[in-house]
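Dear colleague,

Please find the structure below, followed by a short account of what was found in it.

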Amino acid sequence: MRKFWLIVKREYVTRVHTKGFIFATILIPVLSTGLFAFSIFLATRQNNRTMNIAILDNTGGFASAISKSLSNTLPNGLPAFRVVQTIDRPSSEEAARKELLAQVNAGSLDGFLVLPKNITEAKAAEFHTRNTGDFTLEGTIGHAVSDAVITRRLSDRGIRVENLRDVIHNVEIKMVKVTRQGETEEKGQTFITAIVLAMLLYMTLIMYGIVTMRSVLEEKTTRIVEVLISAVTPFQLLAGKIVGVAAVAFTQYLIWIGTASLLGAYGGALAAAYRPGASIPIIRVPPLVLVSLLVYFLLGYFLYASIYAAVGAAASNEQDAQQMQLPATLPIVMSFIMFNVILRDPSSTLSVVLSEIPFFSPILMLLRISVQTPPLWQIALSILLLLITTLGVVYFSARIYRVGVLMYGKRPSLVEILRWLRYT
Amino acid sequence: MDAVLIDHVTKSYDGVTAVNDLSFAIKQGAVFGLLGPNGAGKTTTLRMMMRILVPDTGSIRILDEPLTGRTQDLIGYLPEERGLYQRMEIGKILVFLGALKGLTETEAGRRTGQWLERFELTAWAKKKLIDLSKGMQQKVQFIAAVIHQPPLLILDEPFTGLDPVNAILVKDIMLELRAQGATIILSTHRMEQVEMMCDSICLIHQGRNVLHGDLREIKKSYGKNTLRIECSGDGNFMNQPALIEKVNHYGEVIEARLMPGADPQEILKAAVQQGVRINRFELVEPPLNDIFIEKVGGARA
């Protein structure tokens, strides 16, 4: 047992002291904070410049109604749009377009709206501008045009409407998430949280799986494994390595969770300081989800790391390991692909079945738990199945490891690896 | 008491028998040569002694104990294929390996300091292994094998990669450890090293013990049947199939195995008749190299 802890300690200390670990630990929260801040910036940023536009109206009589609709103002109080020119039923549409295009290219116009003939029957108008990247523009202008056209259609049928919005405003559906702890209004934060956590699990399972594989491979290629297993049993060595790397991952998780709780506590204030009045959806991760994250990471890590370790032991060099790691990587990547199935309907039979399958359950059950609390027995069953599978996989991986670390030379075939299982 | 007792041990993988009914004993305090051609089963035998592999049948005892985790700590091992953690400070590597072999970390640290000093590596203690020259890495690896002062030391080609000065240092340490009661197993293909250092040997071929015992006695049993001649001139006088079984020319030196009952005087006569100048003419025991080749080549035929 003492030797086991020596292995754990070496694995932990040497890894926590690497630049890579410090890098990943600091960089990932910094990056995610940065992304968070950047999205606040994008969400709150608005153009502070009035757009000069022209309206080319081939039907006739719409310009004033549209101009009136485009009355929204910028944060600095200036109008968002100024209609600097209107061309009503030109003799030559071709010539008018050419002229407007020239103005846009010259910079005196920011864009122009083209309404086709018979717009009350037509389905589309065009807005020409140099910058089509601002997707809020489409909505604003689209609304203005639609409102004007609908008003006209109504008046054509003898209905006079002063303010169309009063008549046709939609009834919104407010989504309310029901959990045992009560109801919370859904603004998309549940999905964001679920995806972020599942992504995190996905990335760390692969990352630390590969770290374990490399660690095994390093000991094998440098042949230090010969010295090591003359002092400890291969199982002690393997277990010590996996536990050591798990401790590294856990350290990283704790740092991240700490950073995230700080962000959760102060992120709103930060955003408010940046732009008063901004509403930031505060992401709260319920304790059940947090505990499940750690439990599923740990079990999933033991499952996958032992497969990765067996791959590292069977390979004799980095290239072989790259080619042989498919059996470990494939189920993780498949879980990632199955995200959609769960998100679409977390309680469908397919979702339930997939999230109980041990190789997928770490990621998929976590996803289900964070989207919609599944029945407790389903969680318990998935953990039980995962635990049994993990123990089995660890047992077989240890047998492959034991033989593999002493086998040098060409890449073993699957048949050879299966034969190793029978060695005493 | 025997330091190692191997009793009818057999080990096979996938139908290939690597070690076949092997038995030998190593006396405590001996320097023992474990010899054999490549693939003879030496590494498998060593690995079984270190409990890395388990024999299919037969038993192994180390210092009169059956193999356990405890006996593992009694062995120091320098594998033929060298290698340690590339990106770890050498001081830390040695403390780790010493602790893994049963020392406390404080004690391992103290001994690491002493050994690094002895090998003039103190200034490098905080350097990563990868920053050291090949020769220095060899020295670190040797320290890793002896740091826990094992009563049984297994050294596989201990002198490769060492310059003559360091080779002497390693040899002196081996003799020192032996004087303190350690038993040393030397596995090498360099027969002159075996002849200089070993008391007894075991020659393994195709997993079997083909020759073992006290080195002097083995050589004596062959008798003085080998002629060593130092001469200048044409070596043609040695072409006498009736008298000579086998000749090896090494430039100035010629070694020849005599046919049973052949009279070396006849050869000397032939040399003198051909006008060859003889500087030395000596009857000796066969070199271990010849015994090795005879045993292995003979078994192969």
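Two residues are in contact if their C-beta atoms, placed from the backbone, lie within 7 Å. Helices (H or I, at least four residues) and strands (E, at least two) are DSSP runs, numbered from the N terminus. This is a predicted model, in which local features need pLDDT of at least 70 and side-chain atom pairs count only at pLDDT 80 or more, while totals for chains, interfaces and linings use all residues. Residues are numbered from 1 along each chain as its sequence is written, and chains are lettered from A and ligands numbered from 1 in the order in which they are written.

In the contact between α3(B) and α5(B), Ile90(B), Ile93(B), Leu94(B) and Leu97(B) of α3(B) meet Val140(B), Ile143(B) and Ala144(B) of α5(B). By class, this contact has 7 nonpolar, no polar and no charged residues (Ala, Val, Leu, Ile, Met, Phe, Trp, Tyr, Cys and Pro count as nonpolar, Asp, Glu, Lys and Arg as charged, and the others, Gly among them, as polar).

Chain B is divided into domain 1 (2-216) and domain 2 (224-284), with bounds from an automatic or database domain assignment. The C-alpha centres of these two domains of chain B lie 40 Å apart.

Chain B also has an open sheet of 4 strands, in the order β12-β13-β11-β14, with antiparallel pairing (two strands pair if DSSP finds at least two bridges between them). Because β12 (244-250) and β14 (277-284) of chain B stand at the edges with a single partner strand each, one side of each has no neighbour in the sheet. Strand β11 (residues 226-232) of chain B runs antiparallel to β14(B), and 7 bridges join them. Ile278(B) in β14(B) is the bridge partner of Cys231(B).

Yours sincerely
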